[in-house]
Amino acid sequence: MTASSMLSCRSLSRLAVLLALFLGVAVLPARAEGIEVKSAALVSAEDGTFLQAEFEIALTPILEDALNKGVPLYFSVEFVLTRPRWYWLNEKLSNARQLYRLSYNALTRQYRVGVGRLYENFVSLTEALAFMSNVRLRDIVEPEALAKGASYVAEVRMRLDTSQLPRPFQVSAVGSRDWSVSSDWHRWTVTP
C-alpha cells in the first residue's frame, strides 16, 4: 500500500510540474498591442501654442493582416483643453482632431501615411508607425485664450477610427478587441 501511494504521489508531483510549466508558458505575455501615450505637452511659440505628443503604436495581427490586404486604417488624435470652474461647468477652450490614414500599396510594397493633403511613403510598417507616433498639432488654442497663472486641464488620446473602415469591417469591429485599438485619455495640468 505504501508503494502505490508513493507512486501516485510521484505521478501527482510530475503532473503538477508539467501543469506549472504549461501555465508558465501560457502566461508569458505576447507582443504588446494597442496604443499608449508616452508623453504629451503644450508648447508655446511665437506663432501660437501647439501640442507635442509621442505615442507607442502596436497593431494587432488582425489589423496588420487587413492593412497588408489593402484595407486603409484611420487613426484619430483627439485633444481637449478645458478650464475648470467651481461655479459652473468646465469651459472648453479647444477641441482639436487630426486624422491619419495608414495604407499599404502591394504594387510598390510601401506603406503610406496621409495627414490632411500631405502623404509620405515608407518602406516598412515600423517606419510608418514611428512617423505617426510623433504628433504635432498646430494652432490648437488662441494665444490670448490662456491667462497667465491660471490652470487648465489638457487631454489627448489616439484611437483607431472604426467609423472610417469599409462597412463589412465596421460590423466586425463592433465589440471586438482586435479592432478597438485606442489609448486611454492622457490628462495633465497646464499653467502658462
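Colleague: How many bridges join strand β5 to strand β6?

Modeller: Before I answer, note that this is a predicted model, in which local features need pLDDT of at least 70, side-chain atom pairs count only at pLDDT 80 or more, and totals for chains, interfaces and linings use all residues. Residues are numbered from 1 along each chain as its sequence is written, and side-chain values use heavy atoms, with hydrogens and water left out. Strands are DSSP runs of E with at least two residues, helices are runs of H or I with at least four, both numbered from the N terminus, and two strands pair if DSSP finds at least two bridges between them. Strands β5 (residues 110-115) and β6 (residues 118-122) run antiparallel, and the number of bridges joining them is five.

Colleague: Which residue in β6 is the bridge partner of R112?

Modeller: R112 also lies over the face of Y119, at 4.3 Å from the ring centre, where a charge sits over a ring if NZ of Lys or CZ of Arg is within 6 Å of the ring centre and within 35 degrees of the ring normal. The bridge partner of R112 in β6, however, is N121.

Colleague: Why do the buried residues of helix α3 line one face of the helix?

Modeller: Buried means under 20% relative accessible area, exposed means over 50%, and partly exposed lies in between, with a 1.4 Å probe and protein chains only. In α3 (residues 125-133) the buried residues are L125, A128, L129, M132 and S133. They line one face because, seen down the helix axis and judged by the directions from that axis to the C-beta atoms, they fall within an arc of 140°.

Colleague: How far apart in sequence are the parts that the pair E155 and R187 ties together?

Modeller: The side chains of E155 and R187 meet in a salt bridge at 2.9 Å, N to O, the term being used for a side-chain nitrogen of Lys or Arg within 4 Å of a carboxyl oxygen of Asp or Glu. E155 counts as buried at 14% relative accessibility, whereas R187 counts as exposed at 53%. Since E155 lies in strand β8 (residues 152-160) and R187 in strand β9 (residues 186-190), the pair ties together parts whose separation in sequence is 32 residues.

Colleague: Is D161 buried or exposed?

Modeller: The side chain of D161 meets that of R159 in a salt bridge of 3.8 Å, N to O. With a relative accessible area of 3%, D161 is buried.
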